[in-house]
Each structure stands twice: as structure tokens, then as C-alpha cells.
Amino acid sequence: MIKKQYIFGKPSLLFLLILLLVSCSTKKDLTDTPVPGSELTIAFGSCNKVDIENLLWDDILKSKPVLWIWGGDNIYADTEDVNEIRAMYEAQNNIKGYKKLKRKTQVIGTWDDHDYGLNDGGKEFVSKRGSQQAFLDFLEVPANHPRRLQEGIYHSYSYQGEMGSVKILVLDTRYFRTPLTPDTLTNKRISPNSYGQGELLGEKQWTWFSKELRSSKADFNIIISSIQFLSNEHGFECWGNFPHEIDRFKRLLVSSDAQGVFVLSGDRHISEFSKTEIPGLPYPLVDFTSSGLTHAYKDFKGEANPYRIGHVVFNESFGLVKLNFITREIQFQIIEDEGKIPLEIRQQY
């Protein structure tokens with residue numbers, strides 16, 4: 001077990017952190033949260049079932065995050081019945097530890113297939129509009145917010161403090177995604193599409209994503225993707241099933257000149273760090289996968305990931321990200337029950 005390590009001693013400066021939802025400036029979109037001036041702590045996780053004991057909320061609270069990010073599969077509904085989806089979100093909201101977290105911490109996030117409503121589902125899902133409204137209700141998005149009329153749940157958030165700023169770009173990998181290609185040659189489930197075939201984000205979302213990243217002046221830019229971006233050889237859902245979309249992402253990343261970009265992902269019921277160098281990018285791209293919160297891939301026997309840093313964690317866990325605005329270093333931690341830290345990495349930006 002790796003003991004918790006902190007870059008700084010006790011902070012001496014508290015400042016006002018303002019959460020601004022970029023697409024709207026209503027009063028309900030502004031939240032004041034006092035946090036240490038030099039460091040911002042964010043927690044995130046994915047793959048959460050309401051009918052399994054939620055063991056990690058007390059550990060998440062102890063980490064004192066300013067923000068909790070749902071990484072997808074926040075519930076396991078798997079149904080076209082929007083009322084059933086709503087009932088499951090309500091059950092999650094009534095879980096004691098999560099209720100306590102919501103009172104203390106901002107909550108944002110994305111969805112994945114099981115809370116979307118269809119396993120491995122994409123644009124073909126017949127209840128996606130109703131499911132979107134149920135998801136926005138779960139996040140307590142105001143009824144008159146522009147996202148209520150938008151197709152897809154993608155959105156951006158900006159945090160501006162005295163010593164630095166963070167932009168969070170929440171992607172929707174479900175609403176616009178075209179069909180996957182079943183693997184007929186090996187024992188894997190999915191094969192990558194032919195180069196140029198199919199869409200993951202859709203043109204509307206790509207246009208938005210490009211504009212948001214190119215216009216960002218933030219010190220750090222966090223991309224929320226429900227599926228893994230870098231790991232691409234396991235035969236399950238990932239960006240690697242749309243190789244042309246990966247290249248498009250990389251080109252945008254380089255041309256945008258955005259600072260400190262990294263990816264937070266979920267889906268896999270394992271947690272791991274992946275990292276790669278991209279020509280023209282002055283820092284490596286990190287993809288931090290955190291999954292799952294209530295159930296993990298206990299029978300994990302290994303799989304190829306050419307980008308992996310360290311080992312795979314296949315116990316229940318959540319992710320913690322500590323951004324330092326002075327040193328421009330980020331500490332990424334995988335945290336299990338009772339605060340155990342089986343793996344962490346640091347990255348300088």
C-alpha cells in the first residue's frame with residue numbers, strides 16, 4: 001500500500017472558487033466554494049449499482065474534494081422505460097453516503113451505456129431523449145437550462161480561482177455514436193471500425209468540443225469520457241473502435257494550444273493509468289480510468305495496453321486528482337475502501 005503523500009503543508013490561503021457553467025449565466029449556475037488557494041482536489045468514479053452496498057462514499061468524503069464527477073454507469077438501468085430509470089436515480093439519491101456528499105460537494109458528470117439505458121447503446125436507443133431529461137434531473141440541472149433543449153449531455157464548466165483556473169469538458173459518447181463492429185475473427189467482443197467509418201461524438205458535438213478547447217485559457221483542461229481513450233486492444237468499448245476519431249482528437253489537442261489536458265474515463269470495472277506522447281504536444285497525454293465504485297472485475301487475468309503505467313487495480317475504487325497551480329504538477333491517485341492507495345502517479349505540466 002502506498003501511503004498518502006502531499007506536496008504542501010497546511011494551506012495558509014483560502015480563496016473563492018467560482019463554478020461557471022459556460023453555456024449559461026443564470027444565478028443557479030454560480031456556486032461559491034472555499035478551497036485552498038494552491039491546490040484543487042477532484043474525485044471521480046464510475047460503475048455504480050444501487051442494489052450493492054456503496055462502500056466508498058465515506059472515503060470520498062474524507063478526501064475532501066471540491067468536486068465529484070460521475071464517469072458513467074452511475075446506475076444500472078438497462079431499460080427503455082424512463083420511469084424505471086428515474087426510480088433508480090431516486091434510489092441512488094437516497095443512499096446515505098451519497099446524500100452526505102451532495103450536501104458538501106459539487107456534483108457533475110456524464111453517462112455511459114447502462115444509465116443511458118441500453119448496453120453498448122448508441123444513437124439508435126429509442127428512449128434517449130427521455131433518458132437525457134432523467135439524467136439532467138439527477139444532476140439537478142435547472143428546468144430552464146439550455147441543456148434541456150440540447151441533443152446530448154455534453155457540457156463545459158470553468159473554475160476560476162486566485163491562483164489558477166480549470167476547464168472541464170464533459171463529453172457524451174452515447175447520444176450520437178453509430179454502430180460498433182462485432183469481432184468475428186477472435187474471442188474479443190468488438191473490432192475497430194474501418195478507418196473513417198462511423199461517428200463517436202457526432203459533428204455537432206465535435207464543433208462544440210473544438211470551440212471550447214480552442215478558446216480555453218485555463219491552466220488545466222480536463223476531458224471527461226465515459227469510455228477509455230488510450231487503451232485500445234481489449235476488445236470492449238473504447239475510442240480505439242473509431243481510430244479516425246482518435247486522430248481527430250489528437251490533431252485538435254495539438255492545434256488548440258490548450259494547457260494541461262488530460263482524460264478521465266470509466267466503464268471497464270478496473271482502474272489504471274495510461275500515458276502517451278503526441279507529436280507537437282509539449283506534455284504527455286494521461287488517461288486516468290477509474291472503475292468501478294461498487295463492483296470490479298475480480299477475475300481479471302490481464303490484457304494488453306501499450307500505454308499502461310504501473311499495474312491494473314481490480315478492486316472497488318475511486319479516482320482522486322490533485323491539481324497544484326504553483327508547481328503545475330498533478331497527483332493522480334487510485335483509492336480503495338478504507339483509504340488504501342494501491343497506485344498513484346504524478347505528472348508535471
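Phe 209 touches Leu 169, Leu 171, Leu 201, Ile 223, Phe 249 and Leu 252, leaving aside residues up to four places away in sequence; contact here means heavy atoms within 4.5 Å. Together with Ile 168, Phe 209 touches the most other members of the largest nonpolar core, which has 91 residues. Such a core is a set of buried Ala, Val, Leu, Ile, Met, Phe, Trp, Tyr and Cys residues joined through side-chain atoms within 4.5 Å. In soluble globular proteins, nonpolar side chains tend to be buried together.

A quick word on where this comes from: it's a predicted model, where local features need pLDDT of at least 70, side-chain atom pairs count only at pLDDT 80 or more, and totals for chains, interfaces and linings use all residues. Residues are numbered from 1 along each chain as its sequence is written, and side-chain values use heavy atoms, with hydrogens and water left out.

**Aromatic rings**

- The structure holds 32 aromatic pairs; rings of Phe, Tyr and Trp (its six-membered ring) pair if their centres lie within 6.5 Å, and planes under 30 degrees apart are stacked, over 60 edge-to-face, and the rest tilted.
- Tyr 154 and Trp 208 make a tilted pair, 4.9 Å centre to centre with 50° between the planes.
- Tyr 154 sits in the loop between helix H5 (128-138) and strand E6 (155-160), while Trp 208 is in helix H6 (residues 203-214), so this pair ties together parts that are 54 residues apart in sequence.
- Both Tyr 154 and Trp 208 are buried (under 20% relative accessible area; over 50% is exposed, and in between is partly exposed, using a 1.4 Å probe and protein chains only).
- Trp 239 and Phe 249 are edge-to-face, because their ring centres are 5.5 Å apart and their planes stand at 75°.
- Trp 239 is in the loop between strand E10 (220-225) and helix H7 (243-256), and Phe 249 is in helix H7, 10 residues apart.
- Trp 239 and Phe 249 are buried too.
- There's also a cluster linked by ring pairs, and its members include Phe 44, Tyr 283, Phe 332 and Tyr 349.

**A six-stranded sheet**

- Six strands form an open sheet with mixed pairing, in the order E5-E4-E3-E15-E16-E17.
- Strand E5 (106-109) and strand E17 (343-348) are at the edges with a single partner strand each, so one side of each has no neighbour in the sheet.
- Helices (H or I, at least four residues) and strands (E, at least two) are DSSP runs, numbered from the N terminus, and two strands pair if DSSP finds at least two bridges between them.
- E15 (residues 317-324) and E16 (residues 329-336) pair in the antiparallel sense over seven bridges, and Val 321 stands opposite Phe 332 in E16.

- Most residues other than glycine have a negative phi, and most peptide bonds are trans.
- The peptide bond from Ser 291 to Gly 292 is cis, with omega near 0°, and Gly 292 is in the loop between strand E13 (285-289) and strand E14 (308-313).
- Asp 78 has a positive phi, near 50°, and lies in the loop between strand E4 (67-70) and helix H2 (82-93).
- Glu 338 also has a positive phi, near 65°, and lies in the loop between E16 and E17.
- Asp 78 is partly exposed at 35% relative accessible area, while Glu 338 counts as exposed at 64%.

**Cysteines**

- The disulfide count is zero, where a disulfide is a pair of cysteine sulfur atoms within 2.5 Å.
- Cys 47 is buried at 0% relative accessible area, and Cys 238 is buried at 2%.
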